[in-house]
Amino acid sequence: MAGRILIIDDDYLIRKLLRDFFELLGYEVLCLERARDALSMVKAECFDIVITDYSMPDMDGIELTRVIRQIKPSLPIIGISAACDERRFLDAGADHFIPKPFELKRLKNTVEEHLKAF
């Protein structure tokens, strides 16, 4: 197994696309729609990397990133968004930001870079 990825995005099609893509590459992937569910999973389980959107119904990706950073300071976080800028994600503690729409190859390369660092 290449690693364990937690993906949080309120868009079902994005979740499905990313899950299918990363599973084909050999990753174990858990996708969630709500940030609060993601926090519960981060507390309870081990992940190698988190990919989070900005816009979600219960908590935005900036707040989610800040809380994850407090819970698991070394867990790599990639922010993805069409509605938020890079600086806000990075200031919140994200390791990387990729604007939507994104190329899957770029996201794959970013995930692999962060996983090689650990």
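Visitor: Which residues are exposed on the other side of α1?

Guide: They are L13 and L24. A residue is called exposed when its relative accessible area is over 50%, buried when it is under 20%, and partly exposed in between, computed with a 1.4 Å probe on protein chains only. The model is predicted, so local features need pLDDT of at least 70 and side-chain atom pairs count only at pLDDT 80 or more, while totals for chains, interfaces and linings use all residues. Residues are numbered from 1 along each chain as its sequence is written, and side-chain values use heavy atoms, with hydrogens and water left out.

Visitor: Which residues of α1 are buried?

Guide: The general idea is that an α-helix has 3.6 residues a turn, so residues three or four places apart point the same way. In α1 the buried residues are I14, R15, L18, F21 and F22. These residues lie on the same side of α1, because they cover an arc of only 145 degrees around the axis. The arc is taken over the directions from the helix axis to the C-beta atoms. The cover over the buried residues of α1 includes β1 (4-8), β2 (28-32), β3 (49-53), β4 (77-81) and α5 (104-116). Helices (H or I, at least four residues) and strands (E, at least two) are DSSP runs numbered from the N terminus.

Visitor: What span should the 13 residues of α1 have, and what lies at its ends?

Guide: The expected span is 1.5 Å times one less than the number of residues. For helix α1 (residues 12-24) this gives 18 Å, which agrees with the 18 Å between its end C-alpha atoms. After α1 comes G26, whose phi is positive, near 100 degrees.

Visitor: How is the pair α2 and α3 described?

Guide: In general, two packed helices are described by the angle between their axes and the distance between the axes. Here the axes of α2 and helix α3 (residues 61-71) come within 11 Å and cross at roughly 10 degrees. The axes are lines fitted to C-alpha atoms, for helices over the stretch in contact, and the angles run from 0 to 180 degrees between N-to-C directions. Therefore α2 and α3 are roughly parallel to each other; that label applies under 35 degrees, roughly antiparallel over 145, roughly perpendicular from 65 to 115, and oblique to the rest. At this meeting, A35, A38, L39, V42 and K43 of α2 face L64, V67, I68 and I71 of α3 in contact, where contact means heavy atoms within 4.5 Å.

Visitor: Which residues of α2 are buried, and which are exposed?

Guide: A35, A38, L39, M41 and V42 are the buried residues of α2. Their arc, seen down the axis of α2, is 165 degrees, so they line one face of the helix. K43 and A44 are exposed on the face turned away from that buried side. The buried residues of α2 pack against β1, β2 and α3.

Visitor: What is V42 in contact with?

Guide: V42 belongs to helix α2 (residues 35-44) and counts as buried because its relative accessibility is 1%. Apart from neighbours within four places in sequence, V42 is in contact with L6, F47, I68, I71, K72 and L75.

Visitor: Which side chains make a polar contact with the side chain of K100?

Guide: A polar contact is a pair of N or O atoms within 3.5 Å; within protein, one must be able to donate a hydrogen and the other to accept it, and residues adjacent in sequence count only if both atoms are side-chain atoms. The side chain of K100 makes such contacts with the side chain of D9 (2.8 Å) and with that of D53 (3.3 Å). K100 sits in the loop between β5 (96-99) and α5, and counts as buried because its relative accessibility is 18%. A cis peptide bond, with omega about -5 degrees, joins K100 to P101.

Visitor: Which residues of α5 are buried, and which are exposed?

Guide: L107, T110, V111, H114 and L115 are buried in α5. Their arc down the axis of α5 is 130 degrees, so they line one face of the helix. On the other side of α5, K105, E113 and K116 are exposed. The buried residues of α5 pack against β1, α1, β3, β4 and β5.
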